[in-house]
Amino acid sequence: MKIKKLILFFSLSVFFGVLGCKKDSIQNENNVLLNNKNVKMESFLDSLMQVMTLDEKIGQMVLFSTDWEKTGPSINNSYKKLVEEGKVGNIFNAYTSKFTRELQKTAIENTRLGIPLLFGYDVIHGHRTIFPISLGESASWDLEAIENGARIAAIEAAAEGIHWTFAPMVDIARDPRWGRVSEGAGEDVYLGSEIAKARVRGFQGDDLSATNTILACAKHYAAYGAAQGGRDYNTVDISERELRTTYLPPFKATVNEGVATFMTSFNELNGVPVTGNKYLLTDILKTEWGFKGFVVTDYTSINEMVAHGIVKDDKEAAELAVNAGVDMDMQGAAFMDYLKELIAEGKVSEKKVDESVRSILALKYQLGLFDDPYKYCDEEREKNSLMTTENLEAARDMARKSSVLLKNNKEILPISKDKKIALIGPLADNKWDIIGSWSAAGDRYEKPVTVLEGFKTKISNSSNLMFAKGCEINSDDTKGFNEAIAIAKKADVIVMVMGESQDMSGESASRTNLDLPGNQKDLLKEIKKTGKPIVLVLMNGRPLTLEWENEHIDAILETWFPGTMGGIAIADLIFGDYNPSGKLTMSFPRNVGQIPIYYNVKNTGRPIDPKNPYEKYKSNYLDVLNSPLYPFGYGLSYTTFEYSDLSIDKNKFTFNEDITVSVIIKNTGKYKGEEVAQLYVQDLVGSVTRPLKELKRFEKILLNPGESKEVSFTINSKDLAFYTRDMSFKAEPGEFKIYVGTNSQNVLETQFSLK
Ligand code: NOJ
C-alpha cells in the first residue's frame, strides 16, 4: 500500500516540481492528495489527471444509488464493492453523517488515489424540515423566502453528509395532467427564471467550500414539461422558437447564476433523446451558454435510449451520450461497462473523457473535499442543524405565504375562534400526505403537524372542535359519510380538508381526471345538504378542476402540500392570524379538455369576442369558455386592493431608455394584507406573432387598511426582446401595451411606442 502511495507521490512531486509538499504528503498514510492544499485548482487537477488511469477516470463518471431509496430499476446492487474498486466515484441516496462517513472512508482508504466520493440526493423542498412543494412555494412570489427555503434545505442536507442536490427543477409546465408540475415553479418563463435563480443561490450560497452549501442541479434539461398529453417520460416535439422562448430561459438563468450541474431529461426532443442530444448538451449548454459544471443523466436515461429506438444496445447508448456531452451516468452502468471499450475502438476520444472527469473533479475540489473528504460528516453539526425551531418557523411561514385563497364568499373566512367547527376530510388529520412527494428525508410519521393539531392550538374550548375523516382520499367507500354528516349538522361552520394523496403528483403520476379523487366530491355534496357554510381546504400537487366546488362551496383555500408545519400554517390562515397572499403560478382549468392552458396565449386569427364567447367560427369550444376557472396570478386576500392611476413616464421610448410605469394600490378592506402587483407587456405587432400578455415584473407589498402606495416598475428594450423571424433575439420597434394588475386577467392598461 505504502509503496503504491510513494510511487504516486513521486510522480506527483515530479509533476509539481514542489518538493515542499513531500513532507505533508508522506505524513498522510491515506491519501497523498489531501495535503496539496496550496496548489491552485487547475494545477492540482492537471497533476491528478496525469496520474489517473483510464479506469479511474471512468469511475469518476459513474453515479450509483445505495439501496436506500430508488425511483427506477437497479442495475447493480454492489455499490460498496464498486466504490472500493474505484469503479464508482459518486453515490446518491446516502445521507446521515455516519453513513456517508463510512462510504467515504471506503473510497479514501481503499482506492489507489483516495479520490473522495460526491454524495447526491433529492433535496427538493426541504431536507428534514419539509417546506411546501415547489409549486406551492412559487405561489408565494416571494423570492427571498424561496431562496431562504433552499438555504435551510442546504444547511440541513450538508449537515448530513450531502454535497449535491438534484434541484432545482426548472421545467416550465403548462399541462396539469403531468404529475411533475408539483416540482416546478409553474407556467411562466419570467417568474420561473427568477425562482430558478433564487433556488440556486439558496443551495449554493456564495462559497461552495463552506460546510453549509451544496451543489445545485438544474433539471430536467430540457423541455420535459412539454411531454405530449401530460404523460410522464413522453415524446416532446416543439419548434426551436418555442424551445428557446418557453423552455430554455430558466435553464439559462441558472447558468448565469453559476449553477454547478445539469441533469438531462428522460424525454426525446424533436426525435433525439435529450441524453444523446449534442445540440442541447454541447452546442447550447456548454458552447453557447458557457456552462462549466458537469452534466449528469437522469436515472438510467442512457440505457433508455435503447427503448427510445435511437441505438441498438447500451454500448451504443454510452457512445451517443458521452459524445453528446453527458459527463456522468446516473445508475445506468453504461459508462462503467463500455467507455473503456469505446475508447479502445476509437469511438470515444480520451480527451472527451478527460473533459468530463475534470469538470467533476473541479467541483469536488471546490467543495473542499480534497482538503477534507469528511468535512460534511460532522455528527455534532448534524445534531444541531436539523429541524431547528428557526427552520420549522421558516417552513410555517412559507406554508402561509404559499397558500392561495381561491374563493371567500361573504367573507366567511377568517373563522372566529369561538365558532363550533366540524373538521372533516381525509387530509384533515393526515401526517403522511401533508408533506407531499419528493420529501425524501422528511418524516411522515411524527413531525408533521396536521390541520386537526393546528386547529387545537387555536381553539380553547375543545368541545367546539369536532373531527371526522368522512372518506378516504381515493376510494368509493362511503362508510364514514354518516359520522361526517352528523358532526356537520352540529357545527356553525364546516372545514373540509381534501385533495390528492402525495403520490398522485410528482414523478410517474400523470392523471387524466383532475377532479377531487375518489368519492370526496360526493361527500362534499352530502355535507352541502346541511346548508351550513363550508370552507374547503385543498392539498394537492397540481391545478385541479374545481368548477362544482367553485359554484357551491363558500370558501376555498389552496394549500398545496404545505410541509411539516402545514397544519399550523393552515390554522393561522383559517383563523385570521395570517392573511393569505399567495397567487397562482399555474392556471386552473375549468375542465381537462382545456389543457394545455396558460395565460400568455396568442390571439389567433379568429379571437373570440368576450361578450359572445361561443360565437361560431371563432377560436373557442362549443361547451366551455376559453378562460380558466382561476387565472395565472390570481389569489384573494381577506382584505381588498384597488388599483388606480396607472401612468408611464413617457409614451415614446428609444431602445436605450428606461421605461417607468407606476400605479397606486390602496388597501380598501379591513385587514392588513400583502398584494403581488404584476406587470405584463404585449407587443402588438411583431415579425412573428406575440403573446397577448407576458409577465415582466412583479412586486409584493404590505398595506395597512386604508393605506395607499405607489408601486413603480422599470423595464427597458431588453425586456421586450424575443426570437424574431430570423431567430435573432431582440426587441422590435413598434407599439406596446402595458398591463398592471392583481392577476393576469384583472388589469389596468396603458400604451407606449419603441423607436
Ligand atoms: C428520477 C427523477 O426524474 C429525478 O428528478 C431525480 O433527481 C432522480 N430520479 C434521482 O432520484
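Helix H12 spans residues 278-288, and its buried residues are Leu280, Leu281, Thr282, Ile284 and Leu285. Here buried means under 20% relative accessible area, exposed means over 50%, and partly exposed lies in between (1.4 Å probe, protein chains only). Helices (H or I, at least four residues) and strands (E, at least two) are DSSP runs, numbered from the N terminus. An α-helix has 3.6 residues a turn, so residues three or four places apart point the same way. Just after H12, Gly290 takes a positive phi of about 70°.

A word on the model itself: it is predicted, local features need pLDDT of at least 70, side-chain atom pairs count only at pLDDT 80 or more, and totals for chains, interfaces and linings use all residues. Residues are numbered from 1 along each chain as its sequence is written, and side-chain values use heavy atoms, with hydrogens and water left out.

**The domains**

The protein is divided into domain 1 (275-287 + 296-348), domain 2 (395-594) and domain 3 (641-754). These bounds come from an automatic or database domain assignment. Between the C-alpha centres of domain 1 and domain 3 there are 45 Å.

**The open sheet**

Let us turn to the strands. An open sheet is formed by 5 strands in the order S4-S3-S2-S1-S10, with parallel pairing. Strand S4 (164-165) and strand S10 (329-330) stand at the edges with a single partner strand each, so one side of each is left without a neighbour in the sheet. Two strands count as paired if DSSP finds at least two bridges between them. Strands of a sheet pair through backbone hydrogen bonds, either parallel or antiparallel.

Strand S2 (residues 90-92) pairs with S3 in the parallel sense over 3 bridges, and Asn90 stands opposite Leu118 in S3. Strand S1 (residues 62-65) pairs with S10, again in the parallel sense, over 2 bridges. Leu63 has Met330 in S10 as its bridge partner.

What covers strand S3, on one face or both? Strand S3 (residues 118-121) is covered on both faces: Leu118 and Gly120 are buried on one side, and Phe119 and Tyr121 are buried on the other. In a regular strand the side chains alternate between the two faces of the sheet.

Thr111 is found in the loop between helix H6 (97-110) and S3. Thr111 counts as buried because its relative accessibility is 12%. Its side chain reaches the backbone oxygen of Ala107 at 2.6 Å. That is a polar contact, a pair of N or O atoms within 3.5 Å; within protein, one must be able to donate a hydrogen and the other to accept it, and residues adjacent in sequence count only if both atoms are side-chain atoms.

**The ligand**

Which residues come nearest to the ligand? Of the 14 residues around the ligand, these are Asp122, Arg180, Lys219, His220 and Asp298. A residue is near a molecule if one of its heavy atoms lies within 4 Å of it. The shell divides into 7 nonpolar, 2 polar and 5 charged residues. In this count Ala, Val, Leu, Ile, Met, Phe, Trp, Tyr, Cys and Pro are nonpolar, Asp, Glu, Lys and Arg are charged, and the others, Gly among them, are polar.

| Residue | Distance to a ligand oxygen |
|---|---|
| Arg180 | 2.6 Å |
| Lys219 | 2.8 Å |
| His220 | 2.7 Å |

On its own the ligand has 300 Å² of accessible area, and the protein covers 99% of this. Accessible areas come from the Shrake-Rupley method with a 1.4 Å probe; for residues, only the protein chains shown count as cover.

Most residues other than glycine have a negative phi, and most peptide bonds are trans. Ala167 and Pro168 are joined by a cis peptide bond, with omega about 10°; Pro168 is found in the loop between S4 and helix H9 (189-204). Tyr221 and Ala222 are also joined by a cis peptide bond, with omega about 5°, and Ala222 is found in the loop between strand S5 (217-221) and helix H10 (240-247).

Tyr233, found in the loop between S5 and H10, has a positive phi of about 70° although it is not a glycine. With a relative accessible area of 33%, Tyr233 is partly exposed. Tyr617 has a positive phi of about 65°, and it is not a glycine either. Tyr617 lies in the loop between helix H24 (566-574) and strand S17 (641-648), and at 62% relative accessibility Tyr617 counts as exposed.
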